[in-house]
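Look at the model first.

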Amino acid sequence: MGLGVKLVWPDCTYVAYHEWYYTDRNWDKRRAEKPADLAVMISDRMRNLPITGEFDLADASWCPTLFQASRFPPVLRRQITVMPDGVDCDLHRPDPQARIDFDWLRLPADRPVITYATRGMEPLRGFPQFLRGVARLQARRDDFDTVILANDSVSYGRPLARGDSWWLRMIDQLDLDHRRIHVNAMRPRDEYVRTLQASHAHVYFTEPFVTSWSLSEAMATGCLVIGSNTAPVRELVRDMENGLIVDMDDADEVADAMAWVLDNPGDAADLRRAARRTILADHDAARVFPAKDAWLRAAIGAPVH
């Protein structure tokens with residue numbers, strides 16, 4: 001938070017980065033999105049106080065996605081400029097020769113792979129729903145492997161008791177073939193990128209919340225993203241145009257989407273190319289960073305190169 005910046009440097013230009021506004025309201029529809037108890041509403045109000053306090057201090061306000069900006073009340077939203085964070089599309093690029101060949105896992109080059117990669121394993125990022133879909137598809141066919149890169153922890157949402165985890169809960173609930181499902185914690189960037197490059201179908205689920213950078217990175221890498229039918233995902237993924245959109249709570253629909261990707265390689269390749277074009281057009285760091293530099297220079301009154 002930058003609430004004290006101008007107290008220390010009163011003549012500075014301060015640009016606020018607004019990531020999230022805690023609310024249960026859909027401001028555009030003028031109604032609550034879901035029931036919330038009084039304790040949650042009071043907690044959200046307290047968390048928003050320093051966030052709203054920045055608006056009367058900042059000379060400019062920036063938010064990375066339209067969905068995140070939509071969480072702010074209209075009177076505050078009008079002060080926000082939406083600009084993507086940007087993706088290194090030279091690093092996150094397709095490689096048809098990439099394969100899963102690490103010291104902890106090696107798979108045949110022609111083996112279809114379904115991937116999932118987030119910071120933690122939690123419902124907010126649809127981890128239980130993803131595994132339910134995998135279990136359904138494993139019951140139907142044995143011609144694919146699943147690779148999961150995520151810490152066995154909760155990064156967003158209510159933490160679980162010591163010794164408990166969503167991974168442990170799901171392997172207890174589901175009949176998973178563990179010979180075909182491979183789990184590791186977050187890996188170095190080169191292994192992460194190679195996993196995306198080798199992916200046949202990459203699953204990204206989230207409840208309405210800040211979109212992970214991994215979504216745009218996966219699309220830049222040319223992944224066919226199977227995304228949740230939630231507003232932050234739909235901002236990037238358009239069903240049957242540059243990816244697939246599913247109801248993440250419908251395990252059969254999730255499994256059907258994965259199966260479609262494996263059974264339709266030609267159509268899937270078209271969607272992969274479209275996914276990368278989407279990121280190159282609006283999210284490539286080579287375009288975003290110069291535009292951001294010009295915007296910041298204009299905010300501080302500096303010459304634009």
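This is a predicted model: local features need pLDDT of at least 70, side-chain atom pairs count only at pLDDT 80 or more; totals for chains, interfaces and linings use all residues.

Q: How many salt bridges does a search of the whole structure find?
A: A salt bridge is a side-chain nitrogen of Lys or Arg within 4 Å of a carboxyl oxygen of Asp or Glu. Searching the whole structure for such pairs gives 17.

Q: Which residue forms a salt bridge with glutamate 217?
A: The closest N and O atoms of the pair are 3.2 Å apart. The pair links distant parts of the chain, 28 residues apart, with glutamate 217 in helix H8 and its partner in helix H7 (residues 189-198). Helices (H or I, at least four residues) and strands (E, at least two) are DSSP runs, numbered from the N terminus. The partner is arginine 189.

Q: Is glutamate 217 buried or exposed?
A: Buried means under 20% relative accessible area, exposed over 50%, and partly exposed in between (1.4 Å probe, protein chains only). Glutamate 217 has 10% relative accessibility, so glutamate 217 counts as buried.

Q: Why does arginine 189 count as partly exposed?
A: Arginine 189 is the salt-bridge partner of glutamate 217. Arginine 189 counts as partly exposed because its relative accessibility is 42%.

Q: Which residue forms a salt bridge with arginine 180?
A: The closest N and O atoms are 3.0 Å apart. The partner is aspartate 177.

Q: How many disulfides does the structure hold?
A: A disulfide is a pair of cysteine sulfur atoms within 2.5 Å. The structure holds zero.

Q: Which cysteine sulfur is nearest to cysteine 223, and how far away?
A: Cysteine 223 is in no disulfide. Cysteine 223 is buried, with a relative accessible area of 0%. The nearest cysteine sulfur is that of cysteine 89, 13 Å away.

Q: What is phi of methionine 240?
A: Most residues other than glycine have a negative phi. Methionine 240 sits in the loop between helix H9 (231-234) and strand E11 (244-246). Methionine 240 is partly exposed, at 45% relative accessible area. Its phi is positive, near 65 degrees.

Methods
Residues are numbered from 1 along each chain as its sequence is written. Side-chain values use heavy atoms; hydrogens and water are left out.
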